[in-house]
Amino acid sequence: MEEIKKNITADADAASDQAGLAQFKAKYLGKKGAVTEMFASLKDAADKKEAGRRVNELKMFVESEYTRRETQLLEEKKAGELKGIDVTLPAYRAAKGTSHPITIVMEEIKSIFMSMGFSIEEGPDVEEDYYNFTALNFPAEHPARDMHDTFHIDETHLLRTHTSPIQVRTMEKYPPPLKVIAPGRVYRRDAMDATHSTVFHQVEGFMVDENIRFSDLKGVLDLFTKELFGADLKTRFRPSFFPFTEPSAEVDVQCVACRGKGCGVCKNTGWLEILGSGMIHPNVLRAVKIDPEKYSGFAFGCGVERIAMLKYGIDDMRLFFENDLRFLKQFNS
Ligand code: DAH
């Protein structure tokens with residue numbers, strides 16, 4: 001018995017791969033295998049029971065030697081693969097992305113207004129003509145619509161040209177007092193160049209309550225620009241026109257590049273225009289059934305790309321949409 005077992009072990013050790021293992025198994029347990037033949041010759045044995053027990057023991061031994069050698073070969077293969085590799089080296093770090101500069105600026109604007117108690121509302125990109133224009137006091141044939149040429153989905157739906165429709169949608173949903181900002185993507189039929197894009201972003205803001213005055217508008221926006229660009233920069237309000245505000249004002253901040261002295265960025269004026277604003281027109285309040293005799297409000301809207309360009313000194317708006325990693329990787333939120 002011991003002699004046979006030694007031979008079996010030697011044969012198993014001689015197998016160096018799967019094919020060798022298969023040969024080994026066939027040699028003992030195949031149709032003409034040594035152990036198989038021993039089973040066949042059992043009928044001639046003197047002590048059948050004892051002989052049967054021994055042959056069975058051999059069969060099980062062959063099987064366990066097969067498994068032993070198979071495991072051993074697998075481990076040798078693995079060890080071979082790891083040879084020459086320093087397994088104590090640290091793993092590669094997973095590459096971590098950065099936020100897009102537009103996202104970073106949006107988040108910053110949101111957090112400034114949230115710290116003043118504003119909440120956030122959103123509206124659909126595919127908007128109804130009613131919310132984008134009519135309810136905002138743009139009469140059907142008014143030339144103010146020309147500056148808001150856009151992509152029309154059907155007779156009544158279009159890609160919104162500004163975030164102002166969210167004012168109307170919010171005032172329809174909730175009664176005053178309201179203190180809301182509304183960020184979002186907007187669309188215009190514009191040719192792409194360094195300062196224009198068919199898709200860009202705005203943040204709208206508005207406040208409605210009893211006794212809201214122009215001084216509230218000035219205070220909130222002055223604080224906003226100081227938080228965003230620095231407390232040393234002054235703001236100024238210039239008369240302007242928007243159908244949905246009266247009076248309307250364009251807001252300038254002292255140039256972020258030269259701090260108001262005059263340079264190429266501000267075309268030597270010392271000032272940069274950063275947003276539109278005004279007191280909400282009584283017709284807009286009437287459209288949402290808020291009594292303009294009792295309530296008043298202010299509103300403003302700013303372009304996020306423009307603010308990001310000023311903040312980071314970017315001179316071409318197209319960079320925001322080209323997704324060139326060399327550009328994007330420079331912004332770490
Ligand atoms: N919606 C205007 C635009 O896209 C920007 C704007 C101006 C929004 C004055 C306002 C506002 O809320 O009061 O050109």
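Predicted model: local features only at pLDDT ≥ 70, side-chain atom pairs only at ≥ 80, totals over all residues.
Biologist: Which strand gives the most to the lining of the largest pocket?

Modeller: That pocket holds about 1,400 Å³ of space. Strands 5, 6, 7, 8 and 9 each supply at least two residues of its lining, and helix 10 does too. The top contributor, with eight residues, is strand 8.

Biologist: And which residues are closest to the centre of the largest pocket?

Modeller: The lining has 49 residues, and by class they split into 23 nonpolar, 17 polar and nine charged. Closest to the centre are E250, E273, I274, G303 and R306.

Biologist: What about the second largest pocket: which elements give two or more residues to its lining?

Modeller: This one has about 170 Å³ of space. Its lining includes H100, E122, R160 and H201, and by class it has three nonpolar, five polar and four charged residues. The elements giving two or more are helix 5 (101-115) and strand 4 (178-187).

Biologist: Helix 5 and helix 10 pack together, so are they roughly parallel or roughly perpendicular?

Modeller: Their axes sit 9 Å apart, at an angle of about 100 degrees. Angles of 65 to 115 degrees count as roughly perpendicular. So helix 5 against helix 10 is roughly perpendicular.

Biologist: How many nonpolar residues are in the contact of helix 5 with helix 10?

Modeller: On the helix 5 side you'll find residues including I102, V105 and I109, and helix 10 brings V304, I307 and A308 among others. The contact has no polar residues and three charged ones, and the nonpolar count is 10.

Note on methods
Residues numbered from 1 in each chain as written. Heavy atoms only, no water. 1 Å grid on protein atoms, 1.4 Å probe; cavity = no way out; pocket = protein on both sides within 12 Å on 5 of 7 lines; lining within 4 Å. Points joined across faces, edges and corners; volume = space filled by probe spheres on them. Helix = DSSP H or I, 4+ residues; strand = E, 2+ residues; numbered from the N terminus. Nonpolar A, V, L, I, M, F, W, Y, C, P; charged D, E, K, R; others polar. Axes fitted to C-alpha atoms, helices over the stretch in contact; angles between N-to-C directions. Parallel < 35°, antiparallel > 145°, perpendicular 65-115°, else oblique. Contact = heavy atoms within 4.5 Å.
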